[in-house]
Amino acid sequence: MFSTPSVDPDRVSQPPRRAFLSRLGMGFGSLGLQSLLGGAGLLTPASHASAETTVPLAPRQPLLPGKAKRVIHLFMNGGPSHVDSFDPKPELDRYAGQMLPTQNLRTERQTGAAFASPFEFKHHGQSGIEVSDLFPHVARCIDDIAVIRSMKADVPNHEPSLMLMNCGEARLVRPSVGSWVTYGLGSENQNLPGFIVMCPGGYPIQESQNWQSGFLPGVFQGTYVDSRHREVEKLIEHIQNKKLTSSRQRRQLDLLQRINREHVEQRQADPQLEARIHSFELAYRMQMDATDAFDIQREPEHIRDMYGDGVQGRQMLIARRLLERGVRFVQLWHGAGQPWDNHDDIEKNHRRLARECDQPIGALLTDLKQRGMLEDTLVLWGGEFGRTPTVELPKPGANAGKINGRDHNHHGFTMWLAGGGVRGGMVHGATDPFGFQAVEDVVHVHDLHATILWLLGFDHEAFTFRYAGRDFRLTDVHGNIVRSLIA
C-alpha cells in the first residue's frame, strides 16, 4: 500500500487521472481489491456492463421456486477414495491381491491387483447408509445427506478435472459455479463479497482459475482468503486503515469515484474500470462487516469446541458466520497443501486428512440444522474425482516405490449433498462391484451442476449469459437434472 500526506479532498484540484491514482493510498481492503480485480474476471461484454454495474450484487429472485438460497462447497482437493469412505465394496476383500475383470478402464498410471479397503464400514442412521470409520461425525448426519455413488468425470488428470468440477469446462476459460450463482442471485449483504473462497496455505492447482468469473463481470469472481491464519488482520490484510478515519476515507473515496465516473462518461462502458469502482466501494464497506464475520472469538465457547480448534474447524465456523450475514456462496478447500491425492500410504494419509475435517463437517451440518439454516443452505462435498479400487504399481516420482495407494479414477466416484431441498438419507446410483466404474444412474459433473442450479431456482438450459455472440451456460450443451435427489 502507498501512503500520502493528509489532504482535504474538497480543496484538491483534479490532476491527471493516472498520476492521481498512482499516488493515492486508500490503505484498506486489499483482499477485496486483489481478488475482485484479478485475471480474466474483469472482462465483461460492453453490452452487459450497463445492466449489471449499478448494484451488481443486489439480491435477486430466481424464476423458479428453488429451496436453496446459499451454498457451501466443501472441496476435498486431490480426489478422496470413494471405496474407502462412502462406497463400500466387499468384493475387494474377496479379490484382494488378484487382477480384476474391469481393469481395462483407463487410469493415469499402471495399477495392479485389487486393494481391499483398510477401513471398516458400518450402517448409520435410520436410513442405514454405510459409511467408513474415516467419517464418524459425518455418519451421524447421514439421514440429512444424499450420497451420489455414481459420479463421472472426463479424464483422470487433476487440472482438467478441477476445471470441470469448478467451472463446467475442462479446457477453456469459463465462469466458476460460485460466479454463476452470485450472478443469478446477487448477495444479501452489500458489505461483503458475494462469493468467498477459503483455502488454507495458498492456492491449489490451477490457482484462482478455480473460482474465476471468466466472461462474467469481475465482481462475481471469488474472493480468496488464506484461512490458515487466526487473527482477523492476517486473514484480511489492511482491513483497517490506521492512518485515516472512516469519514476521511469516505471523502477520499468519493473524490476518486467522481474522477472515475467522469472518465467512464467520456468512453463507452469500460468493464475493467467499472470493476475497479465497485471494488473500491466494497473494500471500504468491508472494514466493519468483515472484521465481525471472521472473528470467531465472538462465538460461544461450546460452539467453538463443537467445530474444533484446527484450521478446518475455524474456516467452517467462519463460513457459517458468513452465510448468516448474507454471503451467497462459500467454497472451503481441504488438502490444497497436502491433498487427498494418496498414491501411497493411503491408510495413514486418508486417516490424517479425515481426522482434520470430519468433526468440523459434522459440526457444520449440525449447527446449520439447529439454527434452521440447513433447509435453505445447500452443502456439497467431494473432490475432482475418486480413486482406483486397485493398487498403484511402483513408479519413480509417483508413489515412492510403495504398493499401498490408489491412482486417480474419473470413471466412478462419490459426492454427497445435504440441505437446500435435497432428499436426505438416500443413495443415488452405483459403481460396479469393485468401484471402478459408475454403472447405475450415472451422474456426470454436468448433471450435478444442472441439479445444483435447479435447487437454487434456475433452469440450467435457460440460465445463460451472452458473450461473443453466443448464449453460454454453466452446463454448456449438456446436463440433466437428477430428480431423485430433490425432496
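## A walk through the chain

Of the contacts in the chain between residues at least 6 apart in sequence, 80% join residues at least 24 apart. Keep in mind that you are looking at a predicted model.

**Start with everything shown.** Colour by secondary structure and you will find 14 helices and 18 strands in the chain. Switch to a surface view next: the chain exposes about 19,700 Å², with carbon and sulfur atoms supplying 49% of that area. Of its 487 residues, 59% count as buried.

**Now select residues 158-167.** This is helix α6. Is it enclosed or exposed? Nine of its 10 residues are buried, so the rest of the structure largely encloses this helix. Show the side chains and click along them: the buried ones are His158, Pro160, Ser161, Leu162, Met163, Leu164, Met165, Asn166 and Cys167. As you turn the helix, remember that an α-helix has 3.6 residues a turn, so residues three or four places apart point the same way.

**Step on to Gly168.** You are just after α6 here, and Gly168 takes a positive phi of about 75°.

**Next, select 111-114, 386-392 and 406-409.** Together they make an open sheet of three strands in the order β2-β10-β11, with antiparallel pairing. Look across the strands to see the twist, which averages 60° from one strand to the next.

Key. Residues are numbered from 1 along each chain as its sequence is written. This is a predicted model: local features need pLDDT of at least 70, side-chain atom pairs count only at pLDDT 80 or more; totals for chains, interfaces and linings use all residues. Side-chain values use heavy atoms; hydrogens and water are left out. Helices (H or I, at least four residues) and strands (E, at least two) are DSSP runs, numbered from the N terminus. Buried means under 20% relative accessible area, exposed over 50%, partly exposed in between (1.4 Å probe, protein chains only). Contact means heavy atoms within 4.5 Å. Accessible areas come from the Shrake-Rupley method with a 1.4 Å probe; for residues, only the protein chains shown count as cover. Two strands pair if DSSP finds at least two bridges between them. Axes are lines fitted to C-alpha atoms, for helices over the stretch in contact, and angles run from 0 to 180 degrees between N-to-C directions.
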